[in-house]
Amino acid sequence: MDFLGFLITQCLNALSQASVLLFLACGLTLIFGIMRIINFAHGAIFMLGAYVGHTIVVLTGQFWLALIAAPLVVAGIGALFEMFLLSRLYARRDGGAYLMITFGLAIVLSEAVRLIWGAQPKGIDLPEVLTGVVFLLDQPFPIYRLFLIGLGVSASIALWQFLERTRTGLLIRAVSQNPEMVHALGTDIRIVRTGVFALGCGLAAFGGILATPLFGAYLAMGNNVVVDAFVIVIIGGMGSFLGSVIGSIMVGFVQVFGAYYFPSMALSLLYLLMLTVLIVRPGGLLGKEE
Amino acid sequence: MLRVTGLNTYYGTGHILQGVDLEIEKGQIAAVLGRNGVGKTTTVRSIMGLVPPRSGEVWLGDTNMAGWAPYRVARAGVAYVPEGRMIFPDLTVIDNLRVAERRPAKIWPMERLLELFPALADRRTHKGSQLSGGEQQMLAVARALITDPTVMLFDEPSQGLAPLVVRELVGVIHRLRDEGVTVLLVEQNLKLAEAVGDIVYVMVKGRMMYRAPIAQFQLEREAVKSKYLAL
Ligand SMILES: Nc1ncnc2c1ncn2[C@@H]1O[C@H](COP(=O)(O)OP(=O)(O)OP(=O)(O)O)[C@@H](O)[C@H]1O
Ligand SMILES: [Mg+2]
């Protein structure tokens, strides 16, 4: 067998895996950075994105439309949740309350999805340009996975530039360091919080749609992948955007190569990676020790 | 310009401000003295809307701002230089200023501030956490000024600063008066308070117990000190 070809396809597999995880993890870390909230509904929101995307594709036959509209719909739901429920808890500064309400949202969303779409898994049909394979050193490789890598790379760069170069990005970074001071300098931080929560939900939903052509949309899809996202966020450093990008790539590689070489202990490898990182850097790769 | 009447503020069940009254004319500098824990910071934070007062009024000109969210108070022209400076530690000097620069400043634009504080100009790409205490204080003042405030609230700006830097601060506050900015200055440093204050307030247990123009305060200083400020 051509080892180089094998290696290249495995690396690309790892990167495409990382791309899907990236959308989930970035949303999680952004929300944590701004609100110091661990969003336990993040997996359910990922799933919701997949189902909403499925329905849009079924109704309109437009994959591209679903890719844009479904995250917007889910971001809107996230914004409403933040404005009407979550925001009532900020004054309490009580981590337990956040846990309960986001966990509650997860349960409500899961049950709602079961009622609306049923327990049968759903698929999303890809447009023709994204189907089929290309041959890399005689190894077949799905075009869709290349598309995922492209999206992952461009989205990382776009988000990074957004955070570093725009005024909104500056305010988001400032709020993550001292929300009260930003408020006292004339910016309504309630809008920043709602916006970031919605953005995080939209990113997760985007990841959910992207995962569906690979694995289908099913009720447990969020639970299966949100653990990976938590590991990524911890590896990268809670609240660090670039840390999450690096963490996603590391987890993608460990999962793909782990599944090939040590299939029986693929999950333990993930925790081993997390443990190693935390021993070397207790706050995560780019995080702060708190 | 700034008039506070009957302000009552609680932390939980703790009745911290028990009817604070305060009045500062336009362009005046009022120094608020008081021992630790009497509620000076709470007064400033109540005016700013960071701790909503339970009752009382906060008049800026002819608008009552009591109960407003902090961003609205800021937009109405009140700028805040907090205790401990609260510089954004991971943002550069310039970005710290940009957070406050919601629109281009007319009176205190970025270039003027960098001229006024040459130390900041030299360190413009340094992060907030890399600055010295004095530089952070100047940045906190500059960050407040870039909002073109009509009223500035200072909470113990001299804390932890070297005497030379305190003298620089005195110069800056005099510049503010020249521009007609109204200043509320909470201070434990009596020298600084006397160097800039037009009127002096002394706060005791959640109330203003003493108010006098600076000339009168200087005559009564020792009596006021032993009555209200001694430990
Ligand atoms: N977040 C809080 N929760 C509960 N009590 C508080 C809080 N902040 C301050 N206090 C209490 O309110 C009282 C007034 O505090 P405040 O900070 O206003 O005093 P201060 O005059 O600024 O003191 P200092 O000179 O030490 O800065 C103190 O008794 C303090 O213990
Ligand atoms: Mg204080």
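Student: What should I know about the model and its numbering before I start?

Tutor: The model is predicted, so local features need pLDDT of at least 70 and side-chain atom pairs count only at pLDDT 80 or more, while totals for chains, interfaces and linings use all residues. Residues are numbered from 1 along each chain as its sequence is written, chains are lettered from A and ligands numbered from 1 in the order in which they are written, and side-chain values use heavy atoms, with hydrogens and water left out.

Student: How many helices and strands are in chain A?

Tutor: Helices (H or I, at least four residues) and strands (E, at least two) are DSSP runs, numbered from the N terminus. Chain A has eleven helices and two strands, and along the sequence they follow the pattern α-α-α-α-β-β-α-α-α-α-α-α-α. The radius of gyration of chain A, taken over C-alpha atoms, is 19 Å, close to the 19 Å that the globule rule (2.2 Å times the number of residues to the power 0.38) gives for 290 residues, so chain A is as compact as a globular protein of that length. The C-alpha trace of chain A spans about 65 × 50 × 35 Å along its principal axes.

Student: What share of the residues in chain A is buried?

Tutor: Buried means under 20% relative accessible area, exposed means over 50%, and partly exposed is in between (1.4 Å probe, protein chains only). In chain A, 53% of the 290 residues are buried. Contacts, meaning heavy atoms within 4.5 Å, can also be sorted by sequence separation. Among those in chain A between residues at least 6 apart in sequence, 75% join residues at least 24 apart.

Student: Now the interface. How much area do chain B and chain A bury between them?

Tutor: The size of an interface is often given as the accessible area lost when the parts come together. Buried area here is the accessible area (1.4 Å probe) that two parts lose on being put together, summed over both. Chain B and chain A bury about 1800 Å², 61% of it on carbon and sulfur atoms. B:Tyr71, B:Phe88 and B:Val99 supply 30% of the area that chain B buries against chain A, more than any other three residues. In terms of contacts, 23 residues of chain B touch 18 residues of chain A.

Student: Which polar features cross the interface of chain B and chain A?

Tutor: Side chains of opposite charge can pair when their charged atoms come close. A salt bridge is counted when a side-chain nitrogen of Lys or Arg is within 4 Å of a carboxyl oxygen of Asp or Glu. Two salt bridges cross the interface of chain B and chain A. One of them joins A:Glu180 to B:Arg45, with the closest N and O atoms 2.9 Å apart. On the side of chain B that touches chain A, α1 (40-48), α2 (70-75) and α3 (93-100) of chain B each supply at least two residues. That side has 14 nonpolar, one polar and eight charged residues; Ala, Val, Leu, Ile, Met, Phe, Trp, Tyr, Cys and Pro count as nonpolar, Asp, Glu, Lys and Arg as charged, and the others, Gly among them, as polar.

Student: Which residues are linked in a network of salt bridges?

Tutor: The network links A:Glu164, A:Arg173, B:Asp95 and B:Arg98. A:Glu164 and A:Arg173 pair at 3.9 Å, N to O; A:Glu164 is partly exposed at 39% relative accessible area, whereas A:Arg173 is buried at 17%. B:Arg98 and B:Asp95 pair at 3.2 Å between the closest N and O atoms. Both lie in helix α3 of chain B, three residues apart, about one turn of the helix. B:Asp95 is buried, with a relative accessible area of 13%.

Student: What does the salt bridge of B:Arg221 and B:Glu194 tie together?

Tutor: Their side chains meet at 2.6 Å, N to O. B:Arg221 lies in helix α9 (residues 214-229) of chain B and B:Glu194 in helix α8 (residues 190-196) of chain B, so the pair ties together parts that are 27 residues apart in sequence.

Student: Where does B:Arg85, with its positive phi, lie?

Tutor: B:Arg85 has phi near 70°, a positive value in a residue other than glycine. B:Arg85 is in the loop between β6 (78-81) and α3 of chain B, and is buried at 12% relative accessible area.
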